[in-house]
Amino acid sequence: MDLQKLFSLEGKVAIVTGGSRGIGKMIAEGYLAAGAKVYITARKAEVCNATAEELGENCISLPGDLSTIEGAKTFAAQFAEHESKVDILVNNAGAAWGAEFEEFPEIGWDKVMDLNVKSPFFLTQALHEQLKAAASVEEPAKVINISSIDGIRINPWETYSYQASKAALIQLTKRMAVRLLKDNIIVSGIAPGAFPSEMNKAARDAEAVVAKFIPLKRVGTAEDMAAGAIYLASRAGDYVVGTTIPIDGGIVNASAPGGGTDPEGN
């Protein structure tokens, strides 16, 4: 058994949405190290371009707004000008919104649901032909949806649309897996816990405090996220279908009863 080949992404073409920072950047960096060519996309062009330049010549920036169906189709058309197939699609772009129940606004619902639930579905739909072009029984294409542990259990913050959207994405991952498997496309997911990022400022700015609420007693690192994403994208993860894996230091499955929750979910 060749372990290097088992986890290799050599010659693969990947797309990572929301790839300019945070978890998306961690995944993109890991895929590059594993041998893939990686296209990253984000709404802010200057940030997306800067990250691609930082990560090297095998990282290509294709900025865009994926929160609408038209945006997803536009991105797919732009990508088709560069590549005829895509082996790995990571649907990571996301948004959060917090407000008290009595004041939670409609825009805080629509913006989050559009980007966190609608975008993964319609971008995958827009890239279906390129995914099928890369897929075979021996080497299936992969779609990896990035959810959150907040879609599995409740955090203490009033992030209603965020938690609902991430739970919906976990169920959507299962439904998409059923349909796309017939095209040799495997759909799975990751539910991150506390990783330092712009979205999870608590893990970034108060790491020691957050770590106290995590069974493993530390926040996640870029290596933790990259390793899980490489596993699912490579031959090693070919038998994981429709499952969303928590990468969270034990918050979901190893927290003692009455032990509390982390101060801020991802």
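The residues that line the second largest pocket divide into four nonpolar, two polar and nine charged, where Ala, Val, Leu, Ile, Met, Phe, Trp, Tyr, Cys and Pro count as nonpolar, Asp, Glu, Lys and Arg as charged, and the others, Gly among them, as polar. The model is predicted, and local features need pLDDT of at least 70, side-chain atom pairs count only at pLDDT 80 or more, and totals for chains, interfaces and linings use all residues. Residues are numbered from 1 along each chain as its sequence is written, and side-chain values use heavy atoms, with hydrogens and water left out.

A pocket is, on a 1 Å grid over the protein atoms alone, an open set of points where a 1.4 Å probe fits, with protein on both sides within 12 Å along at least five of seven lines, and its lining residues have an atom within 4 Å of a point. Grid points are joined across faces, edges and corners, and a volume is the space filled by probe spheres set on the points.

| Pocket | Volume | Lining residues | Nearest the centre |
|---|---|---|---|
| Largest pocket | about 940 Å³ | 34 residues | Arg21, Gly94, Ala95, Leu115 and Met199 |
| Second largest pocket | about 260 Å³ | 15 residues | Ser8, Lys12, Glu139, Ser234 and Arg235 |

The lining of the largest pocket has 13 nonpolar, 12 polar and nine charged residues, and α2 (22–33), α5 and α7 (160–180) each supply at least two residues to this lining. Helices (H or I, at least four residues) and strands (E, at least two) are DSSP runs, numbered from the N terminus.

Helix α4 (residues 69–80) has 12 residues and reaches 17 Å from its first C-alpha to its last, close to the 16 Å expected at 1.5 Å a residue, the expected span being 1.5 Å times one less than the number of residues. In α4, Gly71, Ala72, Phe75, Ala76 and Phe79 are buried, that is, under 20% relative accessible area with a 1.4 Å probe and protein chains only. Seen down the axis of α4, these buried residues fall within an arc of 135°, so they line one face of the helix; the arc is that of the directions from the helix axis to the C-beta atoms. The buried residues of α4 pack against β1 (13–17), β2 (37–41), α5 (106–126) and α6 (128–134).

Ser188, found in strand β6 (residues 185–192), counts as buried at 2% relative accessibility. Leaving aside neighbours within four places in sequence, Ser188 is in contact (heavy atoms within 4.5 Å) with residues including Val143, Thr173, Leu232 and Thr243.

Technical notes: Buried means under 20% relative accessible area, exposed over 50%, partly exposed in between (1.4 Å probe, protein chains only).
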